[in-house]
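Biologist: I would like to learn how to read contacts between aromatic rings. Could you take me through them step by step?

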Amino acid sequence: MSSRMPRHIVNFLLTVFLWGYFLFGYLVLLPVFFFPYYAVMRSAAAALQRLNHLHLRAFFALVRFLIPKTKFRIDPLVRDLRASVVVCNHVSYLDPILLVSLYSRQTTIVKNSFFSVPVFGWFLKKAGYVPSSAEEMNGEAMIENLESIKAHLAAGGNLFVFPEGTRSRDGNLGPFNRGVFSIARYCRADLKLVLIRDTDKLFRPGTFSFNTGERNVICLKLIATLSPDYASDNFSTAAVAREARRIFEEALAVS
């Protein structure tokens with residue numbers, strides 16, 4: 001098909017198909033399979049996280065099949081992460097759903113506006129994802145969210161976070177939000193630093209289309225583990241954030 005059709009038409013058709021499947025999963029597949037999974041797991045969050053993982057694993061299997069010029073190189077150490085706060089750089093909308101496809105138990109911090117989207121917002125809430133709004137990070141709501149994350153990590157789940165808060169448009173790191181590291185301190189969790197490369201070549205910033213014609217290797221690599229002494233009087237979230245950012249900058253500088 002790609003040898004006979006203009007590339008932009010191929011991009012359009014595959015984009016419509018892939019995002020169509022993506023929406024079909026949330027509107028049809030997850031509701032159909034939710035109750036059987038819930039009956040087995042006895043936890044709405046665990047059932048929905050598992051279903052979301054399976055759905056997005058299938059989504060990326062389709063991506064691999066339909067866009068063979070894009071390869072995925074996932075560090076086995078990244079695949080094996082459990083009970084960890086996974087800190088990542090952020091270059092594409094694909095980053096969070098790629099991480100969900102790797103872990104059957106996962107949660108993250110989601111923009112508050114997504115919780116108002118019909119069906120999808122219900123799913124996010126029931127699956128245990130955490131709103132990013134200031135109201136949810138203050139007072140009793142903050143404690144409730146932190147305790148939920150702590151229990152999630154204790155049960156073997158991963159929390160993945162993007163301390164830049166938004167995608168980079170040029171591949172350079174943005175400022176790191178220290179709130180991520182405060183969460184890790186509360187949970188007494190190690191920080192696993194995972195470098196993401198070239199998801200933005202497959203799904204470019206400023207577009208809503210897959211780029212099917214460019215040879216590309218998407219890489220996820222564990223570049224460091226930070227184990228801060230949270231009990232120390234000298235502990236500083238700002239210092240940990242600076243150290244994490246320095247490690248990412250050094251890794252990005254390696255060609």
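**Aromatic pairs**

Modeller: This model is predicted. Searching the whole structure gives 20 aromatic pairs.

Biologist: What kind of pair do F34 and W122 form?

Modeller: Planes over 60 degrees apart count as edge-to-face. The planes of F34 and W122 stand at 85°, with the ring centres 6.0 Å apart, so this pair is edge-to-face.

Biologist: Where do F34 and W122 lie?

Modeller: F34 is in helix α1 (residues 7-41) and W122 is in helix α5 (residues 120-126), so the pair ties together parts 88 residues apart in sequence.

Biologist: Is F34 buried or exposed?

Modeller: Buried means under 20% relative accessible area. F34 has 8%, so F34 is buried. W122 has 47% and is therefore partly exposed.

Biologist: How are the rings of F59 and F210 arranged?

Modeller: That pair is tilted, with 50° between the planes and 6.5 Å centre to centre. F59 belongs to helix α2 (residues 44-66), while F210 sits in the loop between α8 (199-202) and β7 (216-226), 151 residues apart. F59 has a relative accessible area of 0%, so F59 is buried. F210 is buried too, with a value of 0%.

Biologist: Which residues do ring pairs link into a cluster?

Modeller: The cluster includes F59 and F210, and among the others are W19, F22, Y26 and F72.

Biologist: Which residue lies over the face of F72?

Modeller: R64 does, at 4.3 Å from the ring centre. Elsewhere, K150 is placed over the face of Y186, at 5.7 Å from the ring centre.

Notes
Residues are numbered from 1 along each chain as its sequence is written. This is a predicted model: local features need pLDDT of at least 70, side-chain atom pairs count only at pLDDT 80 or more; totals for chains, interfaces and linings use all residues. Side-chain values use heavy atoms; hydrogens and water are left out. Rings of Phe, Tyr and Trp (its six-membered ring) pair if their centres lie within 6.5 Å; planes under 30 degrees apart count as stacked, over 60 as edge-to-face and the rest as tilted. Helices (H or I, at least four residues) and strands (E, at least two) are DSSP runs, numbered from the N terminus. Buried means under 20% relative accessible area, exposed over 50%, partly exposed in between (1.4 Å probe, protein chains only). A charge sits over a ring if NZ of Lys or CZ of Arg is within 6 Å of the ring centre and within 35 degrees of the ring normal.
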